[in-house]
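Here is a friendly walk through one protein model, with the pockets, the charged contacts and the surface each taken in turn. Have a look at the structure, then read on.

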Amino acid sequence: MTEIVTVRVKKSLKEKARKYKVDVSKTVRAALEEEIRKHEEQELSQALSDIKTILQKIPDEEIVKAIRETRDQR
């Protein structure tokens, strides 16, 4: 499913896009996808940082114990 997005640009920009045969839809779509990708990467980076902070509070011995218990259950 697709949605329609309307953008207002200067007339001169639209004329130049037409002159250079720029596919506006393709260009806007690519720019929007790239911007969203950047935001998603920042969000993931923040989540990883939060996880790292939480995991640093857990003693190594507890982590090793949990791994061993999981392996023994198999």
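The lining of the second largest pocket is made up of 7 nonpolar, 1 polar and 1 charged residues (Ala, Val, Leu, Ile, Met, Phe, Trp, Tyr, Cys and Pro count as nonpolar, Asp, Glu, Lys and Arg as charged, and the others, Gly among them, as polar). This is a predicted model, where local features need pLDDT of at least 70, side-chain atom pairs count only at pLDDT 80 or more, and totals for chains, interfaces and linings use all residues. Residues are numbered from 1 along each chain as its sequence is written, and side-chain values use heavy atoms, with hydrogens and water left out.

**Pockets**

- A pocket here is an open set of points on a 1 Å grid over the protein atoms alone, where a 1.4 Å probe fits, with protein on both sides within 12 Å along at least five of seven lines; lining residues have an atom within 4 Å of a point.
- The second largest pocket holds about 270 Å³, and its lining consists of Val7, Val9, Leu13, Lys14, Ala17, Val22, Val24, Thr27 and Val28.
- Helix H1 (11-19) and H2 each give two or more residues to that lining (helices are DSSP runs of H or I, at least four residues, numbered from the N terminus).
- The largest pocket has about 330 Å³ of space, and its lining includes Thr2, Glu3, Arg29 and Glu33.
- By class, the lining of the largest pocket has 6 nonpolar, 2 polar and 3 charged residues.

**Salt bridges**

- The whole structure has 2 salt bridges (a side-chain nitrogen of Lys or Arg within 4 Å of a carboxyl oxygen of Asp or Glu).
- Arginine 37 pairs with glutamate 34 at 2.4 Å, N to O, and with glutamate 41, where the closest N and O atoms are also 2.4 Å apart.
- Within helix H2, glutamate 34 sits 3 residues from arginine 37, while glutamate 41 sits 4 residues from arginine 37.
- Glutamate 41 is partly exposed at 45% relative accessibility (partly exposed lies between buried, under 20% relative accessible area, and exposed, over 50%, with a 1.4 Å probe and protein chains only).

**Nonpolar surface**

- Leu48, Ile51, Ile54, Leu55, Ile58, Ile63 and Ile67 make a nonpolar surface patch of about 610 Å² (residues with over 30% relative accessible area and no salt bridge, nonpolar side chains being joined within 5 Å).
- H2 gives the largest share of the patch, 4 residues.
- Isoleucine 58 is in the loop between H2 and H3 and is partly exposed at 35%.

Conventions. Patches are made of residues with over 30% relative accessible area and no salt bridge: like charges are joined within 9 Å, nonpolar side chains (Val, Leu, Ile, Met, Phe, Trp, Tyr) within 5 Å. Accessible areas come from the Shrake-Rupley method with a 1.4 Å probe; for residues, only the protein chains shown count as cover. Grid points are joined across faces, edges and corners, and a volume is the space filled by probe spheres set on the points.
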